[in-house]
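This briefing goes through selected local features of one structure, grouped by topic for reading beside the model. Please keep the sequence and the coordinates open while working through the points.

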Amino acid sequence: MSPLHRSKLSICWVAAMRSIEYRQLASILGFFLIVQLAGMLIAFDLITPGVVQTTPAAGGGISDQVFIYFAYLVAAAVVMVLLFRSRHGPMLFRGVEAIVVGIASFYLFLIVLSFAFPDSVALPVGAAALGAVAIVVGKNKWPWLRNTAAIISSIGVGLVLGLFFNFIAAFVLMALVAAYDYVAVFVTKHMLTLAKASIQSNTALMVGSYEVELVPRDSVKKAEASRMLSLFKGTKNRELRKLMKHGRIPLPSLSALGAGDLAIPLMLAVSAYTTYLSYFFAMVLTASACFGLVFSMYVSKRWSTALPAIPPLFSFACVGLGAYILATGAADWQLAALLFVAAAAILALMLVTVIRRSRLGLSAKIG
């Protein structure tokens, strides 16, 4: 494990040991866009407006499944926290990663291959299984494939859920996850435990952008300089060791985003398309999610605090839905107004919580 992974990080869905650079945030936004656009293009290819929709997404009566799936998510998170707190070892992390990434990748490959080979069953299943195994094995052999594996699995989760749930169900599920995300970061803080475990074990449960900047010794406090020099003393990079001997201090920084934060907005956009067969509606929600991510990045960088991503993403989804309603006249303006008020309330709650915790020195951190 590299020195960066062993270090104590202040993590959010976007986080840093020191000030996050804008180029790192741009990388995270790029990963987010790849997931959203790739997932939507696959959905557009699978289902065209001229095709009669017969998937569960077009039907009703799945509200119970939304709550069951949400309960499954919460239970899985709790079990993972208990496991990570009681056991520390590479096999545990690799096992969790293999299950999550393997299953999500398998379904993504299966959907795509079934569409490409509609007359065959064995070929798509076999090829999808091989592809999923290749992703897991490849990530274990080449750790730098972490972001690639996380992106592929996030597309798989978002696409499968978006094809399964209708738009109303997906919207409710996102609202539930947003509330849970807020509690998990600011109240119970167990989401920070999961983030820390993911970063330290380099599992593909998050995408991240890592950098190490070398600064003059006199620009860093003595205690921090000693800690960083101790942290990097075992590095095999000759150039880095040479610069450290000449008075440069390495300061690592990390920007990261959870795989769930990639998949949930995709789920909502895909469900909007499969339910109403509207390219415009789906892209409005995708654009809204991007604005929500930018807002989250700004708040996290401005107050240097951990921040749950789903609440801001959901609030901007409400804005996008309200704007779509007004633009198309699909419903009364009262519904749009209600969505705008809900979005404003969520954002206000986030800002008040972050500012209050920052003033009290309680900014959510992984520690």
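Predicted model: local features only at pLDDT ≥ 70, side-chain atom pairs only at ≥ 80, totals over all residues.

**Positive phi values**

- Leu277, which comes just after α11, has a positive phi of about 50 degrees although it is not a glycine, and with a relative accessible area of 24% it is partly exposed.
- Most residues other than glycine have a negative phi, which is the background against which these positions can be read.
- Lys189, found in the loop between α7 and α8, is another residue other than glycine with a positive phi, in this case near 65 degrees; at 36% relative accessibility Lys189 counts as partly exposed.

- Helix α12 runs over residues 279-303, and its 25 residues reach 37 Å from the first C-alpha to the last, close to the 36 Å expected at 1.5 Å a residue.
- Helix α11 has 18 residues and reaches 26 Å between its first and last C-alpha atoms, close to the expected 26 Å; this helix is mostly covered, with 15 of its 18 residues buried.
- For α6, the 19 residues should span 27 Å at 1.5 Å a residue, and the end C-alpha atoms are 27 Å apart, which agrees.
- Because 15 of its 19 residues are buried, α6 is largely enclosed by the rest of the structure.

**The largest pocket**

- The largest pocket holds about 1,400 Å³ of space, and of the 47 residues that line it, the closest to its centre are Leu73, Met80, Val100, Ala259 and Gly260.
- Two or more lining residues come from each of the elements α3 (63-86), α4 (90-116), α6 (146-164), α7 (167-186), α8 (190-201) and α11 (259-276), and α3 gives the most, with eight residues.
- By residue class, the lining of the largest pocket divides into 39 nonpolar, six polar and two charged residues.

**Aromatic rings and a charge over a ring**

- A search of the whole structure finds 17 aromatic pairs, and one of them joins Phe44 and Tyr279 in an edge-to-face arrangement, at 4.7 Å centre to centre and with 80 degrees between the planes.
- Since Phe44 lies in helix α2 (residues 22-46) and Tyr279 in helix α12, this pair ties together parts that are 235 residues apart in sequence.
- The two partners are covered to different extents under the 20% cut-off for burial: Phe44 is buried, with a relative accessible area of 15%, whereas Tyr279 is partly exposed, with a relative accessible area of 38%.
- Ring pairs also link Phe167, Phe171, Tyr276, Phe280, Phe281, Phe314 and Tyr324 into a cluster.
- In a contact of another kind, the charged end of Arg302 sits over the ring of Trp303, 4.7 Å from the centre of that ring.

**Residues apart in sequence**

- Leu173, whose place is in helix α7, counts as buried at 0% relative accessibility; Leu173 and Gln65 are 108 residues apart in sequence, while their C-alpha atoms are 9.8 Å apart in space.
- Ser358 has its place in helix α14 (residues 333-359) and counts as partly exposed at 27% relative accessibility, and the C-alpha atoms of Ser358 and Thr305 are 7.5 Å apart although the two residues are 53 residues apart in sequence.
- Ala129, in helix α5 (residues 122-141), is partly exposed, with a relative accessible area of 31%, and Ala129 is 20 residues from Phe109 in sequence and 8.1 Å from Phe109 in space, C-alpha to C-alpha.

Notes: Residues numbered from 1 in each chain as written. Heavy atoms only, no water. Helix = DSSP H or I, 4+ residues; strand = E, 2+ residues; numbered from the N terminus. Expected span 1.5 Å × (residues − 1). Phe/Tyr/Trp six-rings, centres within 6.5 Å; stacked < 30°, edge-to-face > 60°. Buried < 20%, exposed > 50% of the residue type's maximum accessible area, 1.4 Å probe, protein only. Lys NZ or Arg CZ within 6 Å of the ring centre and 35° of its normal. 1 Å grid on protein atoms, 1.4 Å probe; cavity = no way out; pocket = protein on both sides within 12 Å on 5 of 7 lines; lining within 4 Å. Points joined across faces, edges and corners; volume = space filled by probe spheres on them. Nonpolar A, V, L, I, M, F, W, Y, C, P; charged D, E, K, R; others polar.
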